[in-house]
Amino acid sequence: MMEHAKKATIVCCSLKFTNNPRFVDHIRLHLDPHQFECSQCSKRFGNGEALKRHVRSIHAAEPGDAMKDEHEDDGRATRRQVRTAAKPVERIGDKQKDEPSVTKNEDTDEKESDDEASDDELDVDDDDYEQESDDSEGSNNSGEDDNDSEESEQDTTTRATVSEDEVAQIQEYVSKNITLECDSCSERPTTFKELQKHSMEEHGKRATILCCNRKLQNSYRFDDHIRYHLNPDRFKCNECSRKCPNREALSRHMQTVHTPEEDKIYSCEECHKKFSTKDSLAKHGRIHGDPAPKPAGKRRLRRKDVDSEKLIAEHINLECDSCHKKCSTFLALQKHSTAEHNRRAYVFCCGLKFNRKPRLIDHVLFHLDPNRFQCKVCHKNFRQTRSLQRHTDKKHTPEENKTFQCSVCSKIFARQTFLNAHERYHNPKWHCEICDKRFVCESYLTQHHKLIHTKELSYVCHVCARTFHNYSTYRSHLETHDTSIKKKPHKPRVQCPLCDAWTLKLSHHMRLHSGTKTCEICGEECKNKVTYRYHMKNHKTGDFICTVCDKSFKREIGLKEHMASHTGDVLYSCDFCDRTFNSNANRASHRKKMHPQQWLEEKLKKEAARMGTASDTVAT
């Protein structure tokens, strides 16, 4: 200070220190990593100030207590921590012989340390339920306070308390639906806090719990997630009825959407529109052609990002689809398009267009290795990570990890989206006006109307005059006449490891070995899932009911053939012998098996008659 008119800077662990209290706290952290650990949630911090802010914002009983503690305990806690800090430090460079002088210097720097804001508080996350690594990077003496973060932190403080009844409900839900298992040693504590305490003491890191494909490490986020399961309206906005997943998301929503005009302090210089946050103002500025705000420092790309950019540049033409400017990397292309054309650029490959990096990388990797996204269980191939993950969650998730249950049929799913799609089949809203059959979407209804009622033959083959109801089968048929199209090689058969049978689709065959399943309605035991599925169709009620045994049928012909079993009437007879039948299906099976020559001749006559009718239609 006397020689250079500024404070000296000490560098340790890539952190800079200019005042005594911060430096002493950092040395104490080296000596004891548990020095600044929260006693309630076992979270660690880099210094005493970060720990105090965490306790005030997260564990304060009431907002008033937090404000009171901030004024009353600030000076005393800092002095107490500083005095105790001098005791365990025996050597910092040279031996510290005069501890009183150290304490005096620390007291004089108290105000400065209180004014400097720490950027390393490990409790701040921007993404909902996506936990960052809890690195205590210390404080860099930034001295810059963000008004937006302070407002959201104060709002979070007012909603931080959890009642005893909610705690009991959370623990009851966790004990029934979630397995609290340490991801390092597989120990299973009873509560989330005990799990984190065990993981910090034994492994020196926080444990991660997976629920709904989200990683949960903080206790308050875990509690909010369980409260959302118990009551989806728990974090519902009172203004617009929007449902948020946690209290932080609700706080941000209230700040950005429902802040009164008089409280919005950021104004646009062009149109004088007001905003509540700097980010909202920056996004609005792009409408007027303002460039995107530059980061404080030049961000270095990680090794993974560098490799992905190199992979894209080698296989994809990185050209702007608006002005045809060529760029060296995908990131540079998107920056150019956003700045010049106010939108993301598209790149093209295989007739597809991409403007997101993860999808484009998956597409390139699929080109390099078609088995890249292959399911390890059933060996089915996919084109991207998202499709593989969806398949795994839907087909191969263990029953104990499925938490979303249907209220109608008690079927459980691993995702909420799977449950929503399933519930549409219980309440199909599209119905046919002719036969009153219901469908889950309008396209199914349109296809049903063409195939069953109008029997429209919209597509005719120009080679053989064969007619088709829909376009997909028509296109597939045209490929059979085109010799230039490379035929797909026949898929090799796979042998079942259980019964040594050969099959084309092993996943379908394995359903036969799924084990017995009992019907919940009549108690009959089915030998596998396939027979169980056919058995459950018998319990579905139809519109045509037998007056003798109350059995129901979906079609009138089914009821007619069933009534013949009660009355003894003969409905069908074989044209080639004297045998009679009550079912048309049984008669067809008999003719094909016992009179194959006559059956084939009759089939060819019907096919020729149908082709002649189609050709007359084309001629007219």
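H562 is buried, with a relative accessible area of 15%, where buried means under 20%, exposed over 50% and partly exposed in between (1.4 Å probe, protein chains only). This is a predicted model, in which local features need pLDDT of at least 70 and side-chain atom pairs count only at pLDDT 80 or more, while totals for chains, interfaces and linings use all residues. Residues are numbered from 1 along each chain as its sequence is written, and side-chain values use heavy atoms, leaving out hydrogens and water.

Beyond its neighbours within four places in sequence, H562 is in contact (heavy atoms within 4.5 Å) with C546, C549, K551 and F553.

Now to the charged pairs. The structure holds 18 salt bridges, each a side-chain nitrogen of Lys or Arg within 4 Å of a carboxyl oxygen of Asp or Glu. Here are some of them:

| Pair | N to O distance |
|---|---|
| E166 and R227 | 3.5 Å |
| K243 and D233 | 3.1 Å |
| E602 and K606 | 3.9 Å |

K243 and D233 both sit in the loop between α9 and α10 (247–257), so their bridge ties together parts 10 residues apart in sequence. K243 is partly exposed at 44% relative accessible area, and D233 is partly exposed at 37%.

Both E166 and R227, by contrast, are buried. E602 and K606 share helix α23 (residues 596–619), four residues apart, about one turn of the helix. There, E602 is partly exposed at 25% and K606 is exposed at 58%.

Key
Helix = DSSP H or I, 4+ residues; strand = E, 2+ residues; numbered from the N terminus.
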